[in-house]
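Student: I would like to learn how to read the features of a model such as this one, step by step. Could we begin with the terms and then turn to the case in hand?

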Amino acid sequence: MTTTENVEGRSMDVYLASPRGFCAGVVLAVDIVELALKKYGTPVYVKHQIVHNPIVVAETESKGAITVDEVTDVPEGSVVVFSAHGSPPSDHEEAKRRNLTVIDATCPLVTRVHNEAKKYAREGKKIILVGHRGHQEVIGSTGQTDMTLIDEREGIDVPEFEEGDAEVAVLTQTTLSVRDTAAAIDKITERYPSALVRNDICYATTNRQEAASQLAEVAEMVLVIGAQNSSNCNRLKEVAESYGVASYLINGPQEMDSRWFNGITRVGITSGASTPESSVAAVIKAIDPKNVIYVGQGDENITFRLPAELQATQKTAGIHTGTRR
Ligand code: SF4
């Protein structure tokens, strides 16, 4: 049974996390695709899903974007946007070989991790990245320079460097669990007490996890709205579960199961940094709650600048960027 049947009509309150949904990096990436389409016309290729959400990807594709997995899938001489998660230098090199016009939609907070990695490598430090193997952001970050990846899901295996007490710098994927990352960093600093530890978990991840913790304290069940391949959505679900509260990650009301709501009167709802607000609104509409009560610190007020090559297009096209939800 995967319908909303019998959900409507039950007497429930919704506790709605704030902040939730789009972060500044996602807003920037989606704006970049839209402006690239205005400036260059269709098609504009996007390497990797622009953000990890099928609705957002489908919307950009309906306007003329074509999502591809690899740079080698982009026809020579085309325009390509690199996704918000960041890309390894090898992708930029391949783009040059193929004579592509590249617009880089890497979130500035991911670019900061790349820059830190290159700086510490120049300084001769050994770099450890705490992140999830295979995630697009980790592929981009590990491509920047030599580094050792610790994926805490596989166990925290702290490397022994040949130099023994090497100078060590620790970087993190931006969308990790604050709690799990702290455990990994504790293990690393036990072995390398003078390690330089950067806190790269971004403001959006931190704030959404904090709000999810608050939701789990008041709700009997938490729905996280977003995609299964979204790292930060999965972390929000884990945060709620760590409080002993049942939590489900769904794209929208079509994936709700009415049995989840048996005996439930307080439903928590949050959404990941790549989830459009329309998906959240659809779930609330399906639940049809008695009251909607906001939980958390409230909205964020952060925006990132468009790449220089698109700023003029933004002005002439009159597209209102930086605020979509
Ligand atoms: S989740 Fe954080 S790092 Fe990722 S795009 Fe959003 S602001 Fe940037």
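Tutor: In β9, the bridge partner of V170 is V197, and two bridges join strand β8 (residues 168–172) to β9, the two running parallel. This is a predicted model, in which local features need pLDDT of at least 70 and side-chain atom pairs count only at pLDDT 80 or more, while totals for chains, interfaces and linings use all residues. Residues are numbered from 1 along each chain as its sequence is written, and side-chain values use heavy atoms, with hydrogens and water left out.

Student: In what order do the strands of the open sheet that contains β8 and β9 stand?

Tutor: Strands of a sheet pair through backbone hydrogen bonds, either parallel or antiparallel. Here four strands form an open sheet in the order β7-β6-β8-β9, with parallel pairing. Because β7 (148–150) and β9 (196–197) stand at the edges with a single partner strand each, one side of each is left without a neighbour in the sheet. Helix α4 (residues 108–122) packs on this sheet, touching β6 (126–130), β8 and β9, where contact means heavy atoms within 4.5 Å. The direction of α4 makes about 170 degrees with that of β8, the axes being lines fitted to C-alpha atoms, for helices over the stretch in contact, and the angles running from 0 to 180 degrees between N-to-C directions.

Student: What is the order of the strands in the open sheet that includes β4 and β5?

Tutor: Four strands form that open sheet in the order β3-β2-β4-β5, and the pairing is parallel. Its edges are β3 (65–68) and β5 (101–104), each with a single partner strand, so one side of each is left without a neighbour in the sheet. The twist averages 30 degrees from one strand to the next. Strand β4 (residues 79–82) pairs with β5 in the parallel sense over four bridges, and V81 stands opposite I103 in β5.

Student: How many salt bridges does the rule count, and how far apart are the closest N and O atoms of K47 and D91?

Tutor: Side chains of opposite charge can pair when their charged atoms come close. The rule asks for a side-chain nitrogen of Lys or Arg within 4 Å of a carboxyl oxygen of Asp or Glu, and the count comes to 18 salt bridges. K47 forms one with D91, the closest N and O atoms being 2.7 Å apart. That pair links distant parts of the chain, with K47 in strand β2 (residues 44–47) and D91 in helix α3 (residues 89–97), 44 residues apart.

Student: How much area do domain 1 and domain 3 bury between them?

Tutor: The size of an interface is often given as the accessible area lost when the parts come together. Buried area is here the accessible area (1.4 Å probe) that two parts lose on being put together, summed over both, and the domain bounds come from an automatic or database domain assignment. That assignment gives domain 1 (13–22 + 203–295), domain 2 (24–108 + 303–317) and domain 3 (109–197). Domain 1 and domain 3 bury about 730 Å² between them, 49% of it on carbon and sulfur atoms. In domain 1, T205, S231 and R235 lose the most area to domain 3, together 49% of what that side buries. Ten residues of domain 1 are in contact with eleven residues of domain 3, and across this interface the rule finds zero salt bridges.

Notes: Pairing = 2+ DSSP bridges.
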